[in-house]
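This report describes the strands, cores and salt bridges of one structure. Please consult the sequence and the coordinates alongside the text.

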Amino acid sequence: MRRLRILGLHGYHGSGETLRRQASPLAAVLDEAADVVYADAPALAAGDFGWWHATDDAAGVRYRGWSRTRDWLAAFCSSAGPFDGVLGFSQGAALAALLVALCAFDAAAAPRFEFAMVVGGFASRDPRHAAAFDVAGGIAIPSLHVLGRADSIVSPRASHGLASRFRAPVIAEHDGGHVIPGTPAVRAATTEFLHAMARRPATRAAHPRSTPQDPPAMPATPYHPLTPMSASSAPPALPTPGVPLEVPLWPGRARPAMRVFVPDADRAHPRPALVIFRGGGYSRPDGSGAGSGAWAARHGLIAVEVDYGTRSTRSFYPGPYADAARAVRLVRAHAHDWGIDPARVGVLGYSAGGHLASLLSTQPTLWISPDDDLAPRISARPDLVILAYPLLSFVDQYTPGAFLSSVENFFGRDDITEAERRQLSSELHVEPTHPPVFLWTTADDSIVPASHSQRFADACRRAHVPIAFTMFPHGPHAMGLALDHPGDVGTWTTQLLAWLDQQWGPGTTR
């Protein structure tokens with residue numbers, strides 16, 4: 001079989017190196033069959049990001065930056081190519097599919113590729129590209145489509161919709177989210193697809209196995225998306241390792257705020273982020289979980305500790321929920337400024353903070369504050385959720401004053417109806433689109449019954465949501481990181497780091 005050459009196209013906030021790391025779960029499969037050239041979007045050289053920026057106005061959806069990307073790719077493929085196929089992730093997957101669609105529609109409209117491999121992809125919504133996808137009988141170019149059943153960034157429906165535009169798509173599904181997975185099924189499908197492509201007659205000229213030439217230089221003119229963040233969300237100062245940066249959640253208000261912790265190394269590439277909600281029974285936001293931000297930063301994550309509204313600040317539902325949702329949106333909005341991969345934003349919640357985290361993961365649009373200017377365009381649903389001895393149910397074993405009066409503190413009153421408590425009970429709202437879960441508690445927790453975690457875990461399994469659930473036999477409530485706690489429960493952070501590496505790729509934590 002011949003050896004293939006593949007062009008790799010990264011996601012919206014990524015780079016060629018980002019994609020190389022994201023594809024590491026499939027590295028052995030790719031290396032066995034192909035040489036992959038990971039390209040940087042031309043926007044990066046101009047201080048921007050992404051292959052285009054989608055805008056939506058009276059004229060419809062338009063991809064600003066598409067013309068620049070198209071012209072740059074033509075020059076890049078001329079100098080560094082030719083390539084047999086194209087591999088893309090997220091927005092890069094949408095671009096990969098668009099390129100082969102254009103190639104099949106009009107050979108002069110785009111560089112030629114024999115096949116496409118798209119992971120977490122979607123079809124272009126720019127009407128200028130509609131004709132390329134609406135081909136009778138489907139696009140004939142072979143394609144492999146990898147999609148996650150729990151993908152909250154690009155829905156499985158969107159990925160299936162893209163695959164349906166091709167005549168004979170190969171579809172490989174996995175139970176994870178918006179990642180490039182290394183599951184046995186995906187590895188097998190990728191291997192089989194690449195071998196089939198390698199057995200096809202070559203249509204490109206021979207190319208030496210060497211480092212590709214540098215891409216053509218782009219004019220150093222500033223380039224900005226048509227939909228920048230509003231002035232109220234202007235990027236704050238950059239965080240400094242060892243010195244957390246305090247950022248107000250809302251324009252014009254110093255409190256509540258969040259603190260951003262960054263690692264002391266590897267700042268050159270986007271890192272995953274962990275948004276942290278400490279416990280406190282909704283009477284205060286600084287209960288158990290102290291030190292989690294600094295701990296996560298030591299392990300290579302960008303950590304964000306959030307002070308949300310509670311009884312102590314006379315903030316009741318929907319205030320705490322609005323604060324939590326705003327925090328996740330702010331992290332994604334400032335991803336480029338703070339070196340965050342916006343497709344890898346998780347939440348960690350302790351006790352009542354776990355309830356907040358689970359509300360975002362189960363009901364990310366439960367209530368939208370009219371003051372949240374980010375809500376129309378940025379999702380508050382996390383990419384994964386970590387729950388430590390969480391309060392999850394307002395109905396299971398509830399009596400007035402239970403769970404240190406957390407329910408009454410949350411609503412700010414005592415006359416809470418059954419319907420209200422059910423609406424805010426996360427175990428009743430788990431759907432198949434829920435992100436992956438890491439959950440732990442102890443069997444003898446005397447504050448929040450372990451049945452809360454068990455009911456939530458059961459709901460996840462019924463919905464086929466990936467979950468790692470551990471019920472340790474012993475341990476009091478509110479242990480936080482439990483780094484020095486004796487017994488098995490003291491290992492939960494070690495288990496979490498291994499799980500994060502599994503979810504987001506080897507080397508995520510260090």
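## Salt bridge between glutamate 420 and arginine 413

Glutamate 420 is partly exposed, with a relative accessible area of 24%; here buried means under 20% relative accessible area, exposed over 50%, and partly exposed in between (1.4 Å probe, protein chains only). Its partner in a salt bridge is arginine 413, with an N to O distance of 2.5 Å between the side chains. Arginine 413 is also partly exposed, at 28% relative accessible area. A salt bridge is defined as a side-chain nitrogen of Lys or Arg within 4 Å of a carboxyl oxygen of Asp or Glu.

## Basis of the values

The model is predicted: local features need pLDDT of at least 70 and side-chain atom pairs count only at pLDDT 80 or more, while totals for chains, interfaces and linings use all residues. Residues are numbered from 1 along each chain as its sequence is written, and side-chain values use heavy atoms, with hydrogens and water left out.

## Other salt bridges

By the rule given above, the count of salt bridges comes to 24. One of them joins the side chains of arginine 3 and aspartate 35 at 3.1 Å, N to O. Arginine 3 lies in the segment before β1 (4-9) and aspartate 35 in strand β2 (residues 34-39), so this pair ties together parts that are 32 residues apart in sequence. Helices (H or I, at least four residues) and strands (E, at least two) are DSSP runs, numbered from the N terminus. Arginine 3 counts as partly exposed, at 29% relative accessibility.

The side chains of aspartate 126 and arginine 128 form a salt bridge of 2.6 Å, N to O. Aspartate 126 is buried, at 1% relative accessibility, whereas arginine 128 is partly exposed, at 45%.

## Strand β7 and its surroundings

Six of the six residues of strand β7 (residues 143-148) are buried, so the strand is largely enclosed by the rest of the structure. Both of its faces are covered, with Ser143, His145 and Leu147 buried on one side and Leu144, Val146 and Gly148 buried on the other. Strand β6 (residues 115-119) pairs with β7 in the parallel sense over four bridges; pairing requires that DSSP finds at least two bridges between two strands. Valine 119 has valine 146 of β7 as its bridge partner. Strand β8 (residues 170-174) runs parallel to β7 and is joined to it by five bridges, and leucine 147 has glutamate 173 of β8 as its bridge partner.

Together, β7, helix α7 (residues 156-163) and β8 make a right-handed β-α-β unit. Right-handed means that, with the strands pointing away from the viewer, the path from the first strand over the helix to the second runs clockwise. Helix α7 contains serine 159, which is buried at 4% relative accessible area. Leaving out residues up to four places away in sequence, serine 159 touches Gly120, Gly121, Leu147 and Val154, where contact means heavy atoms within 4.5 Å.

## Nonpolar cores

In soluble globular proteins, nonpolar side chains tend to be buried together. A nonpolar core is a set of buried Ala, Val, Leu, Ile, Met, Phe, Trp, Tyr and Cys residues joined through side-chain atoms within 4.5 Å. The largest such core has 61 residues, and Met258, Val275 and Phe277 have the most contacts inside it. Helix α10 (residues 319-333) supplies the largest share of this core, nine residues. A second, separate core of 38 residues includes Ala97, Phe113, Ala116 and Ile141.

Beyond its neighbours within four places in sequence, valine 275 is in contact with several residues, including Val304, Val306, Ala327, Val328 and Val331.
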